[in-house]
Amino acid sequence: MEHDMQDFAAEVRRFLDAHAAKAPDRTAFTWGEGDDTMAYFSSLPPEEEREHVRRARDWQRIRHENGFGWITGPPEYGGRGLTPVHDLLYDSIESEYDVADTGTLSVIGLGMIGPTILAHAQPHLKDRWLPAMYRGDAIACQLFSEPGAGSDLASVATRAVRDGGDWVLNGQKVWTSVAQHSQIGLALTRTNPDAPKHRGITAFLVPMDAPGVEVRPLRQMTGGADFNEVFLTDVRVPDDHRLGEIDGGWTVALTTLMNERATVGSEGAGPVAAALSPDRLSALMRATWTWDDRALRARLAELLVDAMATEHLNARALRKLRGGVVPGPEMSVSKLMYGQNLTRAAHFVSDVLGPRVIADTGRWGTYAWSELLLATPALRILGGTEEIMKNILAERVLGLPKEPAVATTKEVRS
């Protein structure tokens, strides 16, 4: 295994050396130099965002043409058939190079929906979409959340009604990332309103250019529009675009959700990673003359210890993968800690900076933190709210009793 990994690493470096330049040293930090961006969500103007997506698709195509587009995927769909450890090794090496950010493609489409299509779609859908997605030709979005069904996803109300060989979809989805760039969307719908809520759901692959699909951007308080509302009005979807069994969509959803939580829990690259950098945070305190504040120093120490613990938790999951063992609760805990650590970092910095975090004085490394601060509410919601994740860990890992069911108005009246 070790020899195989060494050969693979050498192959990856040959590929990257031929197609990309080395990235600047991201570990070196000097206060006042370089980009001080500290944003979790994008705030690019639409034209710049489209160019960003174009570069991501071009780089994904180059990866695919050289055998790195879908490292863990089956060869019959353009993959290499290698292990998750090979995938992680590739990501680690690629981070040393200056390449396009493919998060628009990989986090949702390739990381969550691709594996779901592979596990549950009919053969013609796999043939049509999997090679296209991992080649960068197609982008996929996740049509799950609704105004009345977020963390309680089984409460989806979007209806799908059978009409001959088609299904007619009506409803509204919300918080849909990359919908404006997507060619397909994985939708959860209610097909049997009389069944228990987990058992009356069916999943469909919806062409985003189908008549009746409308995408509306949602403007965030950070200034960007990463999310969208998607309205489905009499959208006709063929039955052969169904994933899984009729009324069996919850199983399909769980496949996507487990990949989502693993993806969110293992994040940590990009500008926001600097939010937990000891060098940057201690330099910020010295630059603002707060280093002598013992209470702030104690908070910083606690934050950095928890960040290190989260890193070790991720490393433990990686060791399990290398040993051929599927990680247990590590990814759920990691997802929980990731959001909490970034939230604590943003609040810590706001206490250090005071009014400078909301008033742009032009000073390097100060007002730039406002974007992360404004994003913190979302960090504790996306991928499963903190409350939901704690319930999962309490009930399924610690074996604690389930919370008492809350009676509905209908049940109370009866």
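1. Glu 51 and Arg 54 form a salt bridge, and their closest N and O atoms are 2.5 Å apart (a salt bridge is a side-chain nitrogen of Lys or Arg within 4 Å of a carboxyl oxygen of Asp or Glu). Both residues sit in helix α2 (residues 46-65), three residues apart, which is about one turn of the helix. Helices (H or I, at least four residues) and strands (E, at least two) are DSSP runs numbered from the N terminus.

2. Before going on, please keep in mind that this is a predicted model, in which local features need pLDDT of at least 70 and side-chain atom pairs count only at pLDDT 80 or more, while totals for chains, interfaces and linings use all residues. Residues are numbered from 1 along each chain as its sequence is written, and side-chain values use heavy atoms, with hydrogens and water left out.

3. In total, the structure holds 20 salt bridges. Side chains of opposite charge can pair when their charged atoms come close. Another pair to look up is Glu 94 with Arg 63, where the closest N and O atoms of the salt bridge are 2.7 Å apart. Because Glu 94 lies in helix α3 (residues 84-94) and Arg 63 in helix α2, the pair ties together parts that are 31 residues apart in sequence. Glu 94 and Arg 63 are both buried.

4. Asp 166 is partly exposed, with a relative accessible area of 23%, and Arg 236 is partly exposed at 42%. Elsewhere, salt bridges that share partners join Glu 51, Arg 54, Arg 55, Asp 58, Arg 61, Arg 135 and Asp 137 into one network.

5. Next, the helix pair α9 (residues 330-353) and α11 (residues 386-397): their axes come within 10 Å and cross at roughly 150°. Axes are lines fitted to C-alpha atoms, for helices over the stretch in contact, and angles run from 0 to 180 degrees between N-to-C directions. The crossing angle makes α9 roughly antiparallel to α11 (angles under 35 degrees count as roughly parallel, over 145 as roughly antiparallel, 65 to 115 as roughly perpendicular and the rest as oblique).

6. Which residues in α9 meet α11? They are Ser 332, Val 333, Lys 335, Leu 336 and Gln 340, and their partners in α11 are Glu 386, Met 389, Lys 390 and Leu 393 (contact means heavy atoms within 4.5 Å).

7. Finally, have a look at the loop between β5 and β6 (184-190), where His 181 lies. His 181 is buried, with a relative accessible area of 13%. Leaving aside residues up to four places away in sequence, His 181 touches Glu 49, Arg 50, Val 53 and Ile 139. Val 178 has its place in the loop between β5 and β6 and is buried, with a relative accessible area of 12%. Although Val 178 is not a glycine, this residue has a positive phi of about 55°.

Technical notes
Buried means under 20% relative accessible area, exposed over 50%, partly exposed in between (1.4 Å probe, protein chains only).
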